[in-house]
Amino acid sequence: MPDDCGQLNELLRELKRGNAQALDGILLLAGGRMLALARGIVRNRSDAEDVVQDSFWKIARGAKSYKDGTNGYAWIMRVVRNTAFDLLRRRRVRAEEDIEEFFHLSDERYSAEGRDGALVLEEAVSKLDWLGKRMIYYRYYLDWTVRDIAKETGMSKSAVQRAVSAAEEALKAFLDAGQSGD
């Protein structure tokens with residue numbers, strides 16, 4: 001879960017109480033991830049920007065449905081994902097996520113050191129198999145629980161937990177190998 005999840009949850013609580021200015025903070029904290037998710041689904045930057053804008057309207061109107069104490073990132077990403085799929089359904093385009101799009105982690109907003117770390121992680125993720133990438137995407141990008149992933153994939157919760165653990169171990173091994181210069 002991102003370090004700023006607590007801050008995002010507080011902004012969602014503020015929005016729920018009627019403070020529309022909380023949307024500015026939500027944009028700062030989650031806007032980049034929202035755009036990346038939308039772009040990975042609709043495959044077009046202009047459409048992705050429209051999805052993010054529509055998602056903000058839905059977040060503002062639906063803030064009362066956000067449950068305090070839950071994962072705000074997961075809630076927001078689910079709104080974006082559903083909005084993107086809605087756009088594709090309206091256009092009669094088959095909705096399919098390209099998870100490869102989500103793992104471009106380096107960003108010009110980061111410091112040089114942050115970008116370097118993101119590139120190392122991006123390379124490690126690229127070495128995972130399809131299932132490993134999917135588990136990392138669901139668990140850490142969308143911040144879904146094991147239960148959410150099981151529901152989405154049709155896998156049992158124990159199978160999901162094993163797959164997430166295997167992906168984490170593979171990432172750790174790739175990262176450790178990179179640290180030792182292998």
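How close do the axes of H2 and helix H6 (residues 130-141) come, and at what angle do they cross? In this predicted model, the two axes come within 13 Å and cross at roughly 145°, where axes are lines fitted to C-alpha atoms, for helices over the stretch in contact, and angles run from 0 to 180 degrees between N-to-C directions. H2 passes H6 in a left-handed crossing; a crossing is left-handed if the near helix is turned anticlockwise from the far one by less than a right angle, and right-handed if clockwise. On the H2 side the contact (heavy atoms within 4.5 Å) is made by Arg 33, Ala 36 and Leu 37, and on the H6 side by Tyr 137, Tyr 140 and Tyr 141. By class, this contact has five nonpolar, no polar and one charged residues. Ala, Val, Leu, Ile, Met, Phe, Trp, Tyr, Cys and Pro count as nonpolar, Asp, Glu, Lys and Arg as charged, and the others, Gly among them, as polar.

Residues are numbered from 1 along each chain as its sequence is written. Local features need pLDDT of at least 70 and side-chain atom pairs count only at pLDDT 80 or more, while totals for chains, interfaces and linings use all residues; side-chain values use heavy atoms, with hydrogens and water left out.

The secondary structure of the protein chain comes to eight helices and zero strands. Helices (H or I, at least four residues) and strands (E, at least two) are DSSP runs, numbered from the N terminus. Of the 182 residues, 41% count as buried, with buried meaning under 20% relative accessible area, exposed over 50%, and partly exposed in between (1.4 Å probe, protein chains only). Among contacts with a separation of 6 or more, 65% are accounted for by residues 24 or more positions apart.

The protein chain averages a pLDDT (the predictor's confidence in each residue, from 0 to 100) of 81, and 81% of the residues score at least 70. Confidence is highest in helix H3 (residues 45-62), at a mean of 93, and lowest in helix H5 (residues 112-126), at 67. Over residues 104-111 pLDDT stays under 50, and for this segment the model has 13 contacts beyond four places in sequence. Where pLDDT is low, the predicted coordinates should not be read in detail.

Helix H2 (residues 22-42) also packs against helix H4 (residues 72-90): their axes come within 9 Å and cross at roughly 35°. The crossing of H2 past H4 is right-handed. H2 contributes Ile 26, Leu 29, Ala 30, Arg 33, Met 34, Leu 37, Ala 38, Ile 41 and Val 42 to the contact, and H4 contributes Tyr 73, Ile 76, Met 77, Val 80, Arg 81, Ala 84, Phe 85, Leu 87 and Leu 88. This contact has 16 nonpolar, no polar and two charged residues. An α-helix has 3.6 residues a turn, so residues three or four places apart point the same way.

Within H2, a bend of about 65° is found at Ala 30, the bend being the angle between axes fitted to the seven residues ending there and the seven starting there. Met 34, in helix H2, counts as buried because its relative accessibility is 0%. Leaving aside neighbours within four places in sequence, Met 34 is in contact with Val 52, Ser 55, Phe 56, Ile 59, Ile 76, Met 77 and Val 80. The C-alpha atoms of Met 34 and Val 51, 17 residues apart in sequence, are 8.9 Å apart. Leu 37, also in H2, is buried, with a relative accessible area of 0%. H2 is followed by Arg 43, which lies in the loop between H2 and H3. Arg 43 has a positive phi of about 65° although it is not a glycine, and is partly exposed, with a relative accessible area of 47%.

Asp 148 counts as partly exposed at 23% relative accessibility, and its C-alpha atom is separated by 8.6 Å from that of Tyr 138, ten residues apart along the chain. Leu 171 is in helix H8 (residues 157-179) and counts as buried at 10% relative accessibility. Beyond four places in sequence, Leu 171 is in contact with Ala 124, Val 125, Leu 128 and Ile 136. Leu 171 and Lys 127, 44 residues apart along the chain, have C-alpha atoms separated by 8.3 Å.
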